[in-house]
Amino acid sequence: MGRTVLDEIVAGVIEDLAVRRATASEADLRAALADAPARRDAMPHLRGASSSVIAEVKRSSPSKGELARIADPAALAREYAAGGAAAISVLTERRRFGGSLEDLQAVRAAVDIPILRKDFIVTEYQLLEARASGADLVLLMASCLPDDCLDRLHDAARELGLTVLLEVHDEAETERAVRLGAELIGVNARNLKTLEVDPGVLGRVAPLVPADRVLVAESSVRGPEDVQRFVNEGARAVLVGEALVVDDAPRQAVAAMTGLRRIV
């Protein structure tokens, strides 16, 4: 069996990581933690009774190619915050998503709400980069981390004061996330191994998740109607990238997706 899209992305991430390690050691990053911006806790907002939005700074994707040029990530982040975003996700993977840690740092300097580093994290070094750059949350993906590595990185992130958004895309990965004790579980409708989208996955896995955990719907969120559907299926938050970066009025788009309650 050949390499999947996810395999190729992770291989590129590891190559780029080696370049950064040659510039800044793990000891350098640990020293930089002393000057890191104060941590902001996203969980109280994400546990709210109505929908919250994690709004994403996203230039491109493996499935769609270039989405938006985003010359000024900080300006876009300010629009998201003004629209009531609970947190801002910043893509920092360079090759397929056109992002960088510099984008995250620019956003951190521009807004006071929590920031998620969204990347393909496979080492503790990347967690240190995230916290030193001002991230409050990090994405860990069950699909590219075996159990022992996922457990280790989950624990390391928490020790650094980072909230983990643990991404799953099927029932087996959801059960892993629940066993691990993840409090924030992202359900990605897109399988990054094949790029295929399964819009029904959140509805199938939601019954597997205890009520004290927070479900986040990822992918296939185009507008308030999709948010309402996901909220009805058990999500408390949505992570939205493409629909916001191509919208001429991102502030209003975020506001329209915020505050929706479950309709039984």
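**View 1. Residue D151 in helix α7.** D151 is part of helix α7, residues 147–159; helices (H or I, at least four residues) and strands (E, at least two) are DSSP runs, numbered from the N terminus. The model is predicted: local features need pLDDT of at least 70, side-chain atom pairs count only at pLDDT 80 or more, and totals for chains, interfaces and linings use all residues. Residues are numbered from 1 along each chain as its sequence is written, and side-chain values use heavy atoms, with hydrogens and water left out. With a relative accessible area of 35%, D151 is partly exposed (buried means under 20% relative accessible area, exposed over 50%, partly exposed in between; 1.4 Å probe, protein chains only). Its C-alpha atom is separated by 26 Å from that of S100, 51 residues apart along the chain.

**View 2. Strand β12 and its partners.** Strand β1 (residues 52–57) pairs with β12 in the parallel sense over four bridges, and A55 has V240 as its bridge partner in β12. Two strands pair if DSSP finds at least two bridges between them. Strand β11 (residues 214–218) also runs parallel to β12, joined by three bridges, with E218 opposite L239. In a regular strand the side chains alternate between the two faces of the sheet. In β12, A237 and L239 on one side and V238 and V240 on the other are all buried.

**View 3. Salt bridge between K118 and E56.** The side chains of K118 and E56 meet at 3.2 Å, N to O; a salt bridge is a side-chain nitrogen of Lys or Arg within 4 Å of a carboxyl oxygen of Asp or Glu. K118 lies in strand β5 (residues 115–118) and E56 in strand β1, 62 residues apart. Both K118 and E56 are buried.

View 4. R59 forms a salt bridge with D103, the closest N and O atoms being 2.3 Å apart. R59 sits in the loop between β1 and β2 (60–61), while D103 belongs to helix α5 (residues 101–110). R59 counts as buried at 18% relative accessibility, as does D103 at 9%. D136 and R108 form a salt bridge of 2.8 Å, N to O. D136 lies in the loop between α6 (124–132) and β6 and R108 in helix α5, so this pair ties together parts that are 28 residues apart in sequence. D136 is buried, with a relative accessible area of 0%, and R108 counts as buried at 7%.
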